[in-house]
Each structure stands twice: as structure tokens, then as C-alpha cells.
Amino acid sequence: MKFQIPIGPQHPALKEPISLRMTVEGEVIRDADIRLGYNHRGLEKLAEQKSYIQNIYLTERICGICSHSHAVAFTQGAERLLEIEPPKRGLYLRHLVAELERIHSHLLWLGVAGHEAGFDTFFMYTWRDREVVMDLLEMISGNRVHYAINTLGGVRRDLDEALRKKILEGLDVLKQRSEYYFKIGASEPTFVARLAGVGKLPRERALALCAVGPTLRASGIPNDVRKDDPFAFYGEAPFEVATADTCDVLGRTVVRIKELFESYKICGFILKNLPSGPVAVKAPRKAKPGEVVSRYEAPRGENIHYIKSNGTDKPERLKVRAPTLANYPATVEMLRDGFIADIPLIFAAIDPCICCAERTVELRDARTGEERSVRFSELRRTAEERFRRLPAQRNVPWPF
Amino acid sequence: MTDQEKIAKFRERLGLKILEATSPSPRRVFLTVAPADVKAAAEVVKTDLGSEHLSTISGLDLGETFEIIYHFGDSAGNVNVRTRIPKADPRLPSLCPVVPGAILYERELQDMFGIAVEGLPDPRPLLTPDDWPAGNFPLRKDWTFERPQEKIPGGKT
């Protein structure tokens with residue numbers, strides 16, 4: 001007998017509240033249906049009424065975690081329309097903040113994954129270490145989340161030698177800690193066993209459903225905008241595209257840990273090769289009619305902005321596609337034929353941070369028509385309970 | 001594959017169906033095709049460029065016409081397929097049979113521009129609320145929003 005569970009739509013901690021309606025048969029999810037738009041802010045329409053410089057601050061507020069990535073995507077597009085080239089130092093500093101943001105986002109995700117898998121020590125560790133990078137970001141920009149460091153033609157703040165040393169020291173600490181996380185995979189078989197085989201997304205389906213970011217790369221497809229479409233200095237920066245071929249939550253975890261190391265490498269490259277000179281050039285206010293497609297690899301995947309200018313100081317059209325939207329069709333695929341108890345883990349794995357929020361799930365029993373409300377924490381407890389009773393998947397290798 | 005090689009490939013495969021092909025900046029190719037030929041262009045991206053990644057679909061209101069741009073990503077930049085449909089009769093064939101991941105973007109087009117996407121597996125509204133008044137398409141240039149007066153239940157009228 002099939003019945004439906006509505007999940008959502010309101011999650012206070014989410015940027016994008018979402019409603020998922022699960023059709024379940026017993027414990028098994030047969031289908032999931034997505035309904036969006038609960039927090040639609042009409043941002044694309046609003047952008048048409050703001051000038052280019054105002055739009056930087058508008059786009060920065062699209063996302064609360066990877067705020068910098070939208071601002072970068074917009075700024076590098078607008079710079080091309082305004083026909084200005086940011087100085088090299090400005091570009092390096094912009095992407096230093098971008099990589100530090102990737103580090104903070106991935107550390108945050110690792111904590112969430114640990115929490116959802118019932119490994120709260122891991123959660124405490126990663127979030128404590130995340131403070132190191134948050135402090136660095138605060139020292140560079142003055143803010144922990146909305147850095148507001150981009151401007152048309154470069155960045156707004158410069159770096160001095162003392163701060164450069166501090167960032168390098170902070171990165172050393174983080175690198176050591178990340179090596180420790182990497183070892184956890186080999187020494188903590190229960191954690192690995194919990195993640196393995198959950199939320200399967202085969203390679204062909206990931207491609208067909210246009211998934212992006214770590215979700216796609218964990219299905220063995222080495223797509224990364226930084227490599228495929230090397231904007232700024234990524235063509236010369238030394239880094240590898242991290243992939244895994246297990247196609248499950250374990251793979252997505254491994255990809256993110258690997259990407260942490262790549263980001264440390266890129267940050268090191270930037271700080272070692274930081275050119276001298278100005279950090280910004282003066283930008284004109286009006287752009288000639290034209291259009292530009294700007295792509296950027298956000299922590300969650302490809303971020304694309306399409307900007308059309310019309311000769312005034314305001315864009316004619318700004319189209320934004322955030323990576324989480326691209327991953328929704330793939331999420332439905334991952335949930336299908338999974339267990340109710342795995343919902344938190346699968347959701348968390350695309351990194352929409354849906355599971356950070358405590359929220360209510362309503363279970364409707366089709367046989368009795370009875371509805372019961374379950375706190376999300378209770379659902380998580382069910383998940384842990386189920387896993388505790390399961391025979392452990394032995395000898396799951398850590399695919400590093 | 002360079003931009004010029006990509007354009008040559010499209011011209012070879014689709015011939016006169018390509019109405020215009022330009023590469024305004026490095027790693028960006030813009031093609032213009034008729035609405036019925038978007039599927040054929042997507043097939044070329046899939047088979048010849050070896051990528052079926054559709055980044056997103058942008059809609060633009062140009063006054064009398066709508067411009068739809070399909071942004072495809074591949075391992076060497078991106079290909080943008082542009083098509084135009086009249087605003088008086090906004091109909092567009094769905095890309096879902098070729099690229100299943102197009103569904104959310106096409107549903108967004110329906111909500112925001114009022115373009116009827118034909119052959120969509122799931123044509124329900126995606127972004128607009130359930131009680132959204134019919135015939136209101138926010139991203140059309142002539143659409144303006146009048147905020148209805150707020151009614152507080154039990155409050156003063």
C-alpha cells in the first residue's frame with residue numbers, strides 16, 4: 001500500500017525552502033515530488049531596477065553560505081560588459097576569498113554529514129576547525145559571511161604582510177586537521193558503512209539530469225568549471241579535479257575532503273605568487289549593449305549568470321541559476337527506492353543544508369487516514385535506530 | 001575543441017538550420033536556430049561535443065518577441081543556443097526527451113514568461129504560488145505589481 005509523506009515547505013535555516021512529497025510503500029520511497037517557490041524573492045526582476053554596483057550586493061545575498069560565489073559570477077560578467085580588466089592582484093585576492101569560502105563551506109558540510117550519520121564527534125571537530133577559516137575571512141574582509149569584498153574592477157580591501165603570514169599559518173592548521181579527517185575514513189568503519197550505498201546516483205543518470213558539483217563528481221564525472229572553463233587564473237593554478245566513482249553519499253564525502261586539499265593548494269599558490277600593484281581599477285557606470293555568460297564553480301557546483309546590458313547603468317536582464325536548483329532532479333532520483341530513514345542523509349549530501357534545520361514531517365497513514373507529526377530530530381533518531389539494528393556492512397573500502 | 005571547430009561542427013551537422021553563429025569571447029559560442037531545431041542542436045551537443053549538460057535556460061522579453069537561450073556546458077567552455085518566438089503566440093517544444101534535466105528550467109519559463117512548453121512531462125507551476133492569479137507573468141517587461149491590501153484576519157478592515 002502506497003501513501004504520501006509531505007516534507008517541508010518551511011525550514012527557517014534554508015535559503016530555498018522546498019516541499020517534497022514522498023510516496024512511500026512501507027519504509028521504501030517509491031517517488032518524490034518537488035514544489036519550489038516558497039521563498040521566491042523576485043530577485044531577477046529586482047536586478048533590472050538596480051545599477052551594476054548595487055547588483056553586486058544584491059547577488060551576494062542570493063545565498064547565505066556561498067555568498068561570495070554569486071557576487072564573483074556577477075562581477076566577472078559585469079566587468080566584461082563594462083570592458084574593464086581587474087588588476088592581477090585584485091583578481092588573486094578575489095579568488096583567495098573564493099577558495100577560503102569553499103573551505104568553510106565544505107567543512108560545514110562535513111559536519112552536517114557527520115551529524116546526520118550519527119557521528120556527532122566529527123560534527124564538533126569540523127565546526128570547531130571551521131572557525132579558523134571564518135576568522136581568516138573576517139580578518140581579510142571584516143565579515144564572517146557576506147564579505148562584500150568584490151567591486152567592479154577588482155576588490156575593496158588589500159592584504160598586508162602580517163595578514164598573509166596569518167593566513168598561511170591558519171591554512172597549516174587546517175591542512176593538519178583535514179589529514180586527520182581523511183584518516184577517520186580508514187579508522188572508523190561504522191561511519192564509512194553508514195554512508196556507503198546510500199543515495200545511489202548512477203553515472204548516466206547524473207549526466208542526463210544535469211547534476212552539478214560534488215554530486216556529479218561523486219558519480220565519476222570530472223566536470224569542474226574551474227578546469228573546463230578556466231576563468232581568472234585557474235588555467236595556471238595547480239589543482240586536480242576531485243572525483244569518486246562510488247556514486248553514493250560516501251563518494252560525495254570523499255570528493256569534498258579531496259577538494260579541501262585542492263583548495264589549500266590553490267590558496268598556497270595565491271599567497272606565494274601574490275603580485276604587487278593596485279587591487280582595483282575605476283569602473284565606468286554604463287555598459288554598452290551586449291550580453292555575457294558568466295560561469296563560476298561554487299562550493300555546491302556550477303553557478304551560471306547570464307547578463308544582458310542595454311546601454312544604461314542597469315542590466316536589461318540578469319538570469320541566475322544556483323547549483324542547488326540543478327541538483328533537485330538528481331535528488332529525486334537518489335531518494336527513489338531509498339528508505340525514509342535515509343532522507344536526512346541524502347538531502348544533506350547535495351548540500352542544500354535542508355537538514356541543518358529542525359523541522360516537522362507529517363506522516364500520513366493511508367490505511368487509517370491518520371496523520372502524525374514527527375520532529376526532524378525524531379526522524380533522525382529513527383534513522384540511527386535503524387542503522388544500529390542493521391548488520392554492519394563490513395569491509396567497505398575508503399575509496400581514497 | 002576550439003570555438004571555431006565547434007561552430008564548424010554545428011554547420012556540418014545542421015547546415016542551413018543554423019541561422020547565425022558567433023563567438024564573441026573565448027570559450028563562448030552563440031548559435032541562433034528556429035524553435036523547432038533546438039532539439040537537433042541539443043542532439044549535436046550530446047553526440048559531437050560529448051556533453052549533455054544543460055546549465056540553464058534563460059528567457060528574455062524583447063517587446064514583440066521572446067528570446068530563449070539554452071546554455072549548454074561542455075569540457076571546453078559553453079554553447080548557447082538562441083531561439084525566438086512571437087509574444088502573441090508563445091509556444092515552444094520541450095527539450096525533455098533529449099535532456100531530462102531541462103524540466104525545472106522549462107517549468108520556470110512557463111511560470112515567469114507564460115510560454116507554453118509543449119510536451120512537458122509535468123507542466124504544473126513550479127515557482128508561483130497556488131493562488132497566483134492567472135495571466136500574471138512576472139518577468140515580462142510590461143508586468144507591474146500592485147501589492148494587494150493586506151487583510152489581517154480578525155483585524156480592522
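Student: What pLDDT does chain B average?

Tutor: Happy to start there: this is a predicted model, in which local features need pLDDT of at least 70, side-chain atom pairs count only at pLDDT 80 or more, and totals for chains, interfaces and linings use all residues. Residues are numbered from 1 along each chain as its sequence is written, while chains are lettered from A and ligands numbered from 1 in the order in which they are written. pLDDT is the predictor's confidence in each residue, from 0 to 100, and 99% of the residues of chain B score at least 70. The average for chain B is 89.

Student: Which of the elements of chain B has the lowest mean pLDDT?

Tutor: Elements are DSSP runs numbered from the N terminus: helices (H or I, at least four residues) and strands (E, at least two). The highest mean in chain B, 93, goes to strand E7 (residues 116-118). The lowest, 90, goes to H1(B).

Student: Over which residues of chain A does pLDDT stay under 50?

Tutor: Chain A has a mean pLDDT of 84, and 86% of its residues reach 70 or more. Two residues are in contact if their C-beta atoms, placed from the backbone, lie within 7 Å. By that rule, the model has 50 contacts beyond four places in sequence for the stretch you ask about. That stretch under 50 is residues 353-371 of chain A.

Student: In what order do the strands of the open sheet in chain B stand?

Tutor: Two strands pair if DSSP finds at least two bridges between them, and the pairing in this sheet of five strands is mixed. Strand E1 (20-22) and strand E3 (53-61) of chain B are the edge strands, each pairing on one side only. Angles run from 0 to 180 degrees between N-to-C directions, with axes as lines fitted to C-alpha atoms (for helices, over the stretch in contact), and the twist averages 15° from one strand to the next. The order is E1-E2-E5-E4-E3.

Student: Which residue is the bridge partner of Gly73(B)?

Tutor: Strand E4 (residues 65-74) and strand E5 (residues 77-86) of chain B pair in the antiparallel sense over 10 bridges. The partner of Gly73(B) is found in E5(B). Its name is Asn78(B).

Student: What angle does helix H3 of chain B make with E3(B)?

Tutor: Helix H1 (residues 3-14) of chain B packs on the sheet too, touching E1, strand E2 (28-32) and E5, with its direction at about 25° to that of E2(B). Helix H3 (residues 103-113) of chain B touches E3 and E4. Its direction makes with that of E3(B) an angle of about 10°.

Student: Does Pro26(B) count as buried or exposed?

Tutor: Pro26(B) lies in the loop between E1 and E2 of chain B. A residue is buried if 20 or more other C-beta atoms (placed from the backbone) lie within 10 Å of its own, exposed if 12 or fewer, and partly exposed in between. Because Pro26(B) has 10 C-beta neighbours inside 10 Å, it counts as exposed.

Student: Which strands stand at the edges of the sheet with E6 and E8 of chain A, and why is one side of each left without a neighbour?

Tutor: This open sheet has three strands in the order E6-E7-E8 with antiparallel pairing. Each edge strand has a single partner strand, so one side is left without a neighbour in the sheet. Nine bridges join E6(A) to E7(A). The strands at the edges are E6 and E8 of chain A.

Student: Which element gives the most to the side of chain A that touches chain B?

Tutor: The contact takes 26 residues from chain A and 29 residues from chain B. Among the elements giving two or more residues to the chain A side are helix H8 (203-208), strand E7 (301-309) and helix H12 (323-335). With four residues, the top contributor is E7(A).

Student: Which element gives the most to the side of domain 1 of chain A that touches domain 2 of chain A?

Tutor: Chain A is divided into domain 1 (2-38 + 328-389) and domain 2 (43-324), with bounds from an automatic or database domain assignment. In the contact, 22 residues of domain 1 meet 23 residues of domain 2. H12, helix H13 (343-349) and helix H14 (376-389) of chain A each give two or more residues to the domain 1 side. The most, five residues, comes from H13(A).
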